[in-house]
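Please look over the sequence and the model shown below before reading the notes that follow, which are grouped by topic.

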Amino acid sequence: MSETGTTAKDAAGAIGPGRLVLVVGPSGAGKDTLLRLAQAACVDDHDIVFPRRIVTRESSADEDNMAMSPDEFRGAREHGDFAVHWDAHGHSYALPLEINDDIRAGRAVVANVSRTVIGTLRQVYANVVVVAITAPPDVLAQRLAARARHSDGNLAERLARGVDEASANADVTILNAGSADYHGRQLVRVIRNECWRE
């Protein structure tokens, strides 16, 4: 994985006052499942935004991304259409530039990103919260095997990165090994900036 760029700060400094909630974790941890549950729970709250990621991979039942070809992605990146972009597992990913307007308007923006962009995003945005979603290695292996998505790349390599890396720079860690509904509610409390204890 490699970080490949982010937007410039506002002239006055980091972009705010809204919150950027970054969801990270290893493949198979259940990030997309918990994000879908959180989004459904927050559907009537217009101060919480779940932007669709742009990915050079087709959308699926597991991931509701905006698909772009590599050439389209490159053109959009060069045009400055992304707030942040990165490469991982043979694909390119980005968040749309419009998230900056949401954050300037005081909203919470919630997005699944690569842990490689955390450091840069903490510098660019005034209020960043990193939520690591993890699961035991055997659970990760079962979930990835069941998903069997060819574009996921080498399963052994992805599992070898381990659970600990996901939590390295996290403000909150959710061990997603029980009820998805329960862990989805944990994520919602973090997004809403409510007092939460694991």
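Predicted model: local features only at pLDDT ≥ 70, side-chain atom pairs only at ≥ 80, totals over all residues.

Is arginine 122 buried, exposed or partly exposed? With a relative accessibility of 33%, arginine 122 counts as partly exposed.

- The side chain of arginine 122 meets that of aspartate 171 in a salt bridge, with 3.1 Å from N to O.

**Other salt bridges**
- The count of salt bridges comes to 4, and among them is the one between arginine 74 and aspartate 71, whose closest N and O atoms are 2.3 Å apart.
- Arginine 74 and aspartate 71 are separated by about one helical turn, because they are 3 residues apart in helix H2 (residues 70-79).
- Arginine 74 is partly exposed, with a relative accessible area of 36%, whereas aspartate 71 is exposed at 57%.
- Arginine 107 forms a salt bridge with aspartate 102, the closest N and O atoms being 2.9 Å apart; arginine 107 is partly exposed at 26%, while aspartate 102 is buried at 16%.

**Serine 92 and its surroundings**
- Serine 92 lies in strand S7 (residues 91-96) and is buried, with a relative accessible area of 15%.
- A polar contact of 2.6 Å joins its side chain to that of aspartate 87.
- Beyond its neighbours within four places in sequence, serine 92 is in contact with residues including Ile54, Phe73 and Trp86.

Notes: Residues numbered from 1 in each chain as written. Heavy atoms only, no water. Helix = DSSP H or I, 4+ residues; strand = E, 2+ residues; numbered from the N terminus. Buried < 20%, exposed > 50% of the residue type's maximum accessible area, 1.4 Å probe, protein only. Polar contact = N/O pair within 3.5 Å; in protein donor to acceptor, adjacent residues only side chain to side chain. Contact = heavy atoms within 4.5 Å.
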